[in-house]
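This briefing sets out selected backbone and packing features of the structure shown below. The points are grouped by topic.

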Amino acid sequence: MTDTKNHNAGEASSLEGQVFTPGSAAEIVEAIELAFDYRGDVTLKLRCGESVAGYIFNRQSADTDPYLELFPRDREDPRRILYRDIVAIAFTGEDTANGKSWEAWVSKKESERRAEAEKIETIARTKGYL
Amino acid sequence: MAVPISQMYTVATYVLSQKFKGVKRYPLVLMLEPLFRCNLACAGCGKIQYPDHILDKRLTPEQCWAAAEECGAPMVSIPGGEPLIHPEIATIVQGLVDRKKYIYLCTNAILLERKLDEYKPSKYLTFSVHMDGLKDEHDLAVCRDGVYDVAVKAIKAAVKRGHRVTTNTTLFDDANPERVRKFFDEMMALGVEGMTISPGYSYQKAPDQQHFLKRTRTQELFSKILAQPKSGWQFNQSPLFLDFLMGQRQYQCTPWGNPTYNVFGWQKPCYLLQEGYVKTFRELMESTEWDHYGTGRNEKCADCMVHCGYEASAVEDTFSTVSGFARTAKLTLLPTSR
């Protein structure tokens, strides 16, 4: 499984909404690689019953006790989670790049492009970034 | 001359000192990303494809200064995101100036004119304004009308106040060489110190994967653009890197040349590829399998000719070979001799 699998960014390639329940250590590694490449939050279901939602920014699958690191949505500091503690991975957050390709932008009608640009501008203005 | 002599001297003595010390791999430019949040949403940019809670994270000034000291590179490029959104960016910049780092503060310039009062002109500080072409091309590239005009106004204001200003331009596969040459004329007429150019960045997470330049197309395009350069054009980058873009020199990538630090840590292996993060610069240098990256070594690197991988290779060539040094000297003194 390589990064390139997930980089077409076409709507059809998005994992948004999918849930993986790995049955083996190899499947966990594979699912976590997908989650590492994903451009949105995921929700991890842990063996202890806890669910953790956040953005996976790092993983060490070659470590003697493999782990991933994520920024939980509701916490400032990153959290480290062992692969062996993970039961399921759900791609719950919005895929932030999906459907936003250059081709999609260019192919839109002028009115659609203008509306989208205005929406982004309004958000930036509301947050004080303009 | 686009780059001031003091900066050239600093970089030259740094590179030579690394060579005398026998350091095989050394950083040249720290890529410091203090945030990913931007006030634009360009289709070609892969740096903003994160959930909101990640876009809201910021490096502190102390983290930025510590990264610069730990890395030791003489130059610091501050991309993003849009750095001028960071509420403490002026403090960060001043701290880096105090450390005598040559800073390229990259900005789309939407906020630049409004924030100019926060910065004192310094030989260490350059505003590197993102300009992807003439008005039509630029506004299309950044997905918002009117940004070109705002940026031009901000460039004029910054130049008038005595700041060092350069432009940074990413060229995509639909670039028209004649329009790009005209764009160079317009930028130099604004009074910028120099321009930097690079082919499109093939970010893994960029949504626009089909639009980036392939290697042969890159060489053809840059050959057309840079052949018979005009005397008024100044480029704020290694002339050998421009040779490389034109296909006149062959280089292997130097991924450690522009190490990247951001809210996730030190990024492995380079500014473009995100294969993981480590907590220290030393760990980055010692634990990255450098030989796995570069043209012919990794499929992800096959078509990359981006400055963050190859400009350090060009600088290395300047200081390692007689032909490289002679060519650099010739093109620096006589840029139209290309």
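The model is predicted. In chain A, S1(A) and strand S6 (residues 86-90) pair in the antiparallel sense, with two bridges between them.

**Sheet of chain A**

- Strands of a sheet pair through backbone hydrogen bonds, in either a parallel or an antiparallel arrangement.

**Chain A as a whole**

- Chain A has three helices and six strands.
- Read from the N terminus, the elements of chain A follow the pattern β-α-β-β-β-β-β-α-α.
- Chain A has 130 residues, of which 32% count as buried.
- Taking the contacts in chain A between residues at least 6 apart in sequence, 55% join residues at least 24 apart.

**Parallel strands in chain B**

- Strand S4 (residues 125-130) of chain B is largely enclosed by the rest of the structure, because five of its six residues are buried.
- S3(B) and S4(B) run parallel and are joined by five bridges.
- Opposite Ile103(B) stands Leu125(B) in S4(B).
- S4(B) also pairs with strand S5 (residues 164-171) of chain B, in the parallel sense and over five bridges.
- His130(B) has Asn168(B) of S5(B) as its bridge partner.

**Helix pair H8 and H9 in chain B**

- Two packed helices are described by the distance between their axes and the angle between them.
- The axes of helix H8 (residues 177-189) and helix H9 (residues 215-226) of chain B come within 9 Å and cross at roughly 50°.
- H8(B) is therefore oblique to H9(B), an angle counted as neither roughly parallel, under 35 degrees, nor roughly perpendicular, 65 to 115.
- The crossing of H8(B) past H9(B) is right-handed.
- H8(B) contributes Pro177(B), Val180(B) and Arg181(B) to the contact, and H9(B) contributes Leu221(B), Lys224(B) and Ile225(B).
- Four residues of the contact of H8(B) with H9(B) are nonpolar, two are charged and none is polar.

**Gln219(B)**

- Gln219(B) is placed in helix H9 of chain B.
- Gln219(B) counts as partly exposed because it has 18 C-beta neighbours inside 10 Å, whereas a buried residue needs 20 or more.
- Leaving aside neighbours within four places in sequence, Gln219(B) is in contact with Leu245(B), Met246(B) and Gly247(B).
- Gln219(B) and Asp243(B) are 24 residues apart along the chain, and their C-alpha atoms are separated by 9.3 Å.

**Backbone exceptions in chain B**

- Most peptide bonds are trans, and most residues other than glycine have a negative phi.
- Gly80(B) and Gly81(B) are joined by a cis peptide bond with omega about 5°.
- Gly81(B) is located in the loop between strand S2 (75-78) and helix H4 (89-98) of chain B.
- Pro269(B) belongs to strand S8 (residues 265-269) of chain B.
- Ala109(B), a residue other than glycine, has a positive phi near 75°.
- The loop between strand S3 (102-107) and helix H5 (112-115) of chain B holds Ala109(B).
- Ala109(B) is buried, since 26 other C-beta atoms lie within 10 Å.
- Gln228(B) is not a glycine either, and its phi is positive at about 50°.
- Gln228(B) sits in the loop between H9 and helix H10 (239-245) of chain B.
- Is Gln228(B) buried or exposed? Gln228(B) is exposed, as 8 other C-beta atoms lie within 10 Å.

Technical notes: Residues are numbered from 1 along each chain as its sequence is written. Chains are lettered from A and ligands numbered from 1 in the order in which they are written. This is a predicted model: local features need pLDDT of at least 70, side-chain atom pairs count only at pLDDT 80 or more; totals for chains, interfaces and linings use all residues. Axes are lines fitted to C-alpha atoms, for helices over the stretch in contact, and angles run from 0 to 180 degrees between N-to-C directions. Helices (H or I, at least four residues) and strands (E, at least two) are DSSP runs, numbered from the N terminus. Angles under 35 degrees count as roughly parallel, over 145 as roughly antiparallel, 65 to 115 as roughly perpendicular and the rest as oblique. A crossing is left-handed if the near helix is turned anticlockwise from the far one by less than a right angle, and right-handed if clockwise. Two residues are in contact if their C-beta atoms, placed from the backbone, lie within 7 Å. Ala, Val, Leu, Ile, Met, Phe, Trp, Tyr, Cys and Pro count as nonpolar, Asp, Glu, Lys and Arg as charged, and the others, Gly among them, as polar. Two strands pair if DSSP finds at least two bridges between them. A residue is buried if 20 or more other C-beta atoms lie within 10 Å of its own, exposed if 12 or fewer, and partly exposed in between; C-beta atoms are placed from the backbone.
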